[in-house]
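I opened the model to look up contacts, ring pairs and charged pairs. The entries below follow the order in which I went through them.

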4 protein chains.
Amino acid sequence: MESKVRVAIVGSTGYGGVELIRLLQAHPYAEVSSVISSSSAGEPIASGYPHLSEIRRDLLDDVDPAAIGAKADVVFLATPAGVASKLAPQLLEQGLKVIDLSGDFRLPQSGLYEQWYGKPAGDPAYLEQAVYGLSEIYGDQVKDAAFISNPGCYPTATLLGLLPAIKAGWIDPDTIIIDAKSGVSGAGRGASLGTHYSELNESLKAYKLNKHQHTPEIERFVSDAAGREVITTFTPHLVPMSRGIMSTMYAKLTKERSDEEFVELYREFYRGRPFVRIRPVGVWPATKEVSGSNYCDIGFAVDKRTGRVTFVSVIDNLVKGAAGQAIQNLNLMMGWEESAGLQFIPMYP
Amino acid sequence: MESKVRVAIVGSTGYGGVELIRLLQAHPYAEVSSVISSSSAGEPIASGYPHLSEIRRDLLDDVDPAAIGAKADVVFLATPAGVASKLAPQLLEQGLKVIDLSGDFRLPQSGLYEQWYGKPAGDPAYLEQAVYGLSEIYGDQVKDAAFISNPGCYPTATLLGLLPAIKAGWIDPDTIIIDAKSGVSGAGRGASLGTHYSELNESLKAYKLNKHQHTPEIERFVSDAAGREVITTFTPHLVPMSRGIMSTMYAKLTKERSDEEFVELYREFYRGRPFVRIRPVGVWPATKEVSGSNYCDIGFAVDKRTGRVTFVSVIDNLVKGAAGQAIQNLNLMMGWEESAGLQFIPMYP
Amino acid sequence: MESKVRVAIVGSTGYGGVELIRLLQAHPYAEVSSVISSSSAGEPIASGYPHLSEIRRDLLDDVDPAAIGAKADVVFLATPAGVASKLAPQLLEQGLKVIDLSGDFRLPQSGLYEQWYGKPAGDPAYLEQAVYGLSEIYGDQVKDAAFISNPGCYPTATLLGLLPAIKAGWIDPDTIIIDAKSGVSGAGRGASLGTHYSELNESLKAYKLNKHQHTPEIERFVSDAAGREVITTFTPHLVPMSRGIMSTMYAKLTKERSDEEFVELYREFYRGRPFVRIRPVGVWPATKEVSGSNYCDIGFAVDKRTGRVTFVSVIDNLVKGAAGQAIQNLNLMMGWEESAGLQFIPMYP
Amino acid sequence: MESKVRVAIVGSTGYGGVELIRLLQAHPYAEVSSVISSSSAGEPIASGYPHLSEIRRDLLDDVDPAAIGAKADVVFLATPAGVASKLAPQLLEQGLKVIDLSGDFRLPQSGLYEQWYGKPAGDPAYLEQAVYGLSEIYGDQVKDAAFISNPGCYPTATLLGLLPAIKAGWIDPDTIIIDAKSGVSGAGRGASLGTHYSELNESLKAYKLNKHQHTPEIERFVSDAAGREVITTFTPHLVPMSRGIMSTMYAKLTKERSDEEFVELYREFYRGRPFVRIRPVGVWPATKEVSGSNYCDIGFAVDKRTGRVTFVSVIDNLVKGAAGQAIQNLNLMMGWEESAGLQFIPMYP
């Protein structure tokens, strides 16, 4: 165990943090050396999460950048918006590698962050330095980086589904509409009427229409792929399930294409990447088919009548949409195989 | 009770049939006089549906058109595709009023029916005679009709959400995209892997992309409102809940409009109609807010950035999407107040 | 409408209060004249409960005993523990009829209340005056009462299932074990980790073992039926569903009995009572079979091998376990037919 | 990989079989060499289970005992009742090791099997030879065995919860009552009204009261622990969730004991066993806390008032209740560490 890379997790008592702990438990080259929480410092992590009983006996550490540096080589920040913007620079200055799972470093312009998040943005120097860790797209930059901004859950499902078609010029980016659906764990562990069982069960709701903070993140990288500024329509929905995201996406074809061509294009694009799976023609993925795993599964439906293509892209929001992709990025950063510690089968049913 | 209108329900052992029984129980002017099922004739209806114990003691009648005529004034057909096309003419010829909840008479051209349903269509004379019972839109024709084709669940939510904007010319019909989500009861009571609890729970899936039989029904009435032929993109999804449909719909504005204008347009359009409720600006309905009731609730989100408007329209698929709207049409046909027997509050939570 | 009895609901923004509003909407002789909430006074009730949009346009009134007296003939108290003990006396002194849905007046001895509820009990004079409104058992006393203590949800399912057998001497009360399971709405609308969707979904948990405050309420009336003091084992569980309670109950038979004898005993006991339904031999009720309704459905399983009988009793916790039974008691108090406003079919599926 | 033990799974298209595939994927010493199904032979296993896409590319083999012997060292039988009784002897005669996950070899007397399963029992010689694989209790016998009968899901949760107290003489076995609750995956993947989403969601039901085939299995080993014949009351319930079993169990204490004593007794009893976790006093496990894992978590509540103790024992029915325990037994049989391939953290939330 001595030779394993030591990992600290700030925000260990949130769902993202606790999922990092779950996934890293089986990692061959990394180990969790410090679980950190500002709200419950000093308590055993298992007291708030009994599923960790007798597996993780750690006490939660307080947030102390200097102490973190003494205990860890890499730090995951699984913190609410506005925390990483202050904490990441202090950790980076100590020479630590940092992977930020929050949205604090996903938008390069301070103004955009402040507009969509309603909080002051971080130091512009660090905003520029952060590499966006959509592993399958920006993996080459991740390899050389010390500071990763891990993508949001909705953007991960959305961008992996759209980017190959945009880069190939097969769809008109100006016609993109994203109808996204998430399980409730995406809202975090905070108790509110918005996460109350009796309010959500047997119900479906749309929220933050045209206002969700993942919109500019999606547009940033759609624009990057299109080579020009693109704006999109993005509607998130809350589905009565704990885990899972589906992005159903629509766009006009630039010329007639078949389902077979899309399957071929995507299989080629993601060749060699272990975590994107393309469904055959006429089959679309369900969220349960990736539950608990780092897969992103994608299917297509071309409609000759309308000249549109529909994309269906699913992930587990806590794995590929958060903790799993963060570990995938860790693997790339450290020069390990991309799938180290992540090679397991989705839990079904 | 003697003076109540006598109603027979063919297909009483399906979810649509049993919901008709539930709703008619409280109707002031109609009563269920015969519950009919080809599969379980002779058995007490309560033996397959214990929630009816000691409330409905009827034995199920077999499907016998002559016998139905002797027992009923009005017949509801809550049967699988392909049954009503044969049965409705036999009932109408006896002078009975018929409300068909299946899709058999929703498409006026035989060819279209056969293309989308994969079954032979009914007699063209009856296809033409059937009045499409989207109560708020075609209520005037319903009033004079003896034969109603009750709308599908997805078309009801979709058309009530779209038609006022189309008729007003506020959106470009060619840009309409319909992302629809349904609870599992929409798939009926038949047992299959597609309705298996462990397969659906904690999962979300898209199905029949560009192939769902409600697509031509939606297009027929969107075209009717637009005054020209319109084709649309329609994607249904299955959500882990029993009841509820949400249609999230997207279209380009023909000129800049505000959310306030949409709210005003729709409130004016549906003024005096008891079952459509328009949410205020910035609020969107959840399916639970109409559960068990005949309401269709609608909200809007105009996006100045993209020039698009998003519509969110919800119903209970078994009530406004089936049995409730059928009774609403019965009320209109019989000259009763539109909301007779339907004036109850949604069940929440 | 002038001649309807005017009803005020204190605690209108809780699940019990809002269910009273739903059920009273269809009541032939009573109408809601005032919806009252200490926390949201002045706001429209529909703003926190959009399912009431355009149905209930009332603003919430503040809690003011004198004002209540001016607006209402009967007051329902759907308030947290500790409120009714102070408020009920002030309302009764004005000559109002009061039905308290909280636990404040269910235990006649102050000490017992304080032990199990951890709060000071109300005035002993009122504790004695309150009639326990288990309608099928104590309906005769309810008829003459001005002040009803409406039973708890668990005690309703439990006592209706056990009392006929105890009164008949068929089971040994000292051997009674009650394994009870509730949907989440029983925990109220307050947001906490204990009502968080992601924590409860796909999970089952036991809680408050041997400590639940409904234990002494159950024991009080089991003892009353047995004619001597009885103590029981009571275990509540939280089930991932919104509504419904099942009590599975076990006891030793005092002599050999058959399932048929139990069915017969119970059908005779509840003859003429509209809301208790006894399942035939070999059939047990599911909670969905009473959802949204005031029914209590009961089934039996005698085991000759062990000499025990198992009872399965189900209710909708918000209806027969709260608001519905409160209205049933109102009907009895006012001399109306017992089922007035409650004669509807459970919502299925 | 050459040196890994080769495992064949008969019944690979059931939930138990597919869970074996999931768990064995990460096993350090064993690998799945053949996936076998009588119903879908020749098809890719991933076509019926898309979550396995690009992970398991195997085609399903037909059930052919000789062919199995050529491909495997160990055979797991995850088959419906009545299959293993014929198949296991043919495999054992070839010198293969066999772990049967069905109930065919759990009852040593043919008559008992035929009474509870309603099918002819297997060859009595093999009934006697089969070692009951409740790993924590009969692990020593498992170590020397070639033929394991893997315990049922309900018996696993129940027996692990009860046996230490029975062996210690702390409870009266004649007073044991078992109220058990299971998620729907326990009913298998077969489609029926009994596994239909809309019928089960938002519902709770009891079934097979006093008739469940796991009753004699529980009684066999309770009797074994008590040293005399014991009969019990066992009531299974179906809970609206996919995975998880909870057994809530009741018994009279033989003398006064404290919660602390129970915690101590059980911690001592299971010392060194990696998969049983004892909750501290006043804390009881929820099924979600073991989801996807091989843990059995147990809590206690002693009630001085009644002289009874309540046990709460939870497992994941597909892991510790089926596939996980089968692998645990494989580990013991092969002399590997007991937890090989099973050392992962439950999936939460």
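**Entry 1: Arg22(B).** I started with the neighbours of Arg22(B). Leaving out residues up to four places away in sequence, Arg22(B) touches Arg243(B), Gly292(B), Val319(B), Ile345(C), Pro346(C) and Met347(C); contact here means heavy atoms within 4.5 Å. I note that this is a predicted model, in which local features need pLDDT of at least 70 and side-chain atom pairs count only at pLDDT 80 or more, while totals for chains, interfaces and linings use all residues. Residues are numbered from 1 along each chain as its sequence is written, chains are lettered from A and ligands numbered from 1 in the order in which they are written, and side-chain values use heavy atoms, with hydrogens and water left out.

I placed Arg22(B) in helix α1 (residues 15-24) of chain B; helices (H or I, at least four residues) and strands (E, at least two) are DSSP runs, numbered from the N terminus. Arg22(B) has 13% relative accessibility and so counts as buried. The classes use a 1.4 Å probe and protein chains only: buried is under 20% relative accessible area, exposed over 50%, partly exposed in between. A polar atom of the Arg22(B) side chain lies 3.1 Å from the backbone oxygen of Gly292(B).

**Entry 2: helix α1 in chain A.** I then checked how covered this helix is in chain A. In α1 (residues 15-24) of chain A, 10 of 10 residues are buried. Among the elements covering them are β1 (5-10), β2 (30-36) and α12 (319-334) of chain A, and also α9 (197-200) of chain C. Glu19(A) and Arg22(A) are among the buried residues. A network of salt bridges links Glu19(A), Arg22(A), Arg243(A) and Asp316(A); a salt bridge is a side-chain nitrogen of Lys or Arg within 4 Å of a carboxyl oxygen of Asp or Glu.

**Entry 3: other salt bridges.** How many salt bridges does a search of the whole structure find over all chains? I got 81. I looked at three of them in detail.

- Arg271(A) and Glu268(A) meet through their side chains at 2.7 Å, N to O. Arg271(A) is exposed at 55% relative accessible area, and Glu268(A) is partly exposed at 44%.
- Asp140(B) and Lys143(B) have their closest N and O atoms 3.8 Å apart. Both lie in helix α7 (residues 135-143) of chain B, three residues apart, about one turn of the helix. Asp140(B) is exposed at 61%, and Lys143(B) is partly exposed at 46%.
- Glu289(D) and Arg279(D) meet at 2.7 Å, N to O. Both lie in the loop between β11 (276-278) and β12 (296-303) of chain D, so the pair ties together parts that are 10 residues apart in sequence. Glu289(D) is buried at 10%, and Arg279(D) is buried at 3%.

**Entry 4: chain A against chain B.** I counted 49 residues from chain A and 49 residues from chain B in the contact. The buried area is about 4,000 Å², with 53% of it from carbon and sulfur atoms; this is the accessible area (1.4 Å probe) that two parts lose on being put together, summed over both. Glu202(A), Leu204(A) and Arg305(A) supply 17% of what chain A buries against chain B, more than any other three residues.

Four salt bridges run between chain A and chain B. In one of them, Glu219(A) pairs with Arg305(B), the closest N and O atoms being 2.5 Å apart.

**Entry 5: aromatic pairs.** I counted 74 aromatic pairs over all chains. Rings of Phe, Tyr and Trp (its six-membered ring) pair if their centres lie within 6.5 Å; planes under 30 degrees apart count as stacked, over 60 as edge-to-face and the rest as tilted.

Tyr197(B) and Tyr197(D) have ring centres 5.1 Å apart and planes at 15 degrees, so the pair is stacked. This pair crosses between chains, from helix α9 of chain B to helix α9 of chain D. Tyr197(B) and Tyr197(D) are both buried.

Trp170(C) and Phe262(C) form an edge-to-face pair, with 5.1 Å centre to centre and 90 degrees between the planes. Trp170(C) lies in the loop between α8 (153-167) and β7 (177-182) of chain C and Phe262(C) in helix α11 (residues 259-269) of chain C, so the pair ties together parts that are 92 residues apart in sequence. Both Trp170(C) and Phe262(C) are buried.

How values were computed: A polar contact is a pair of N or O atoms within 3.5 Å; within protein, one must be able to donate a hydrogen and the other to accept it, and residues adjacent in sequence count only if both atoms are side-chain atoms.
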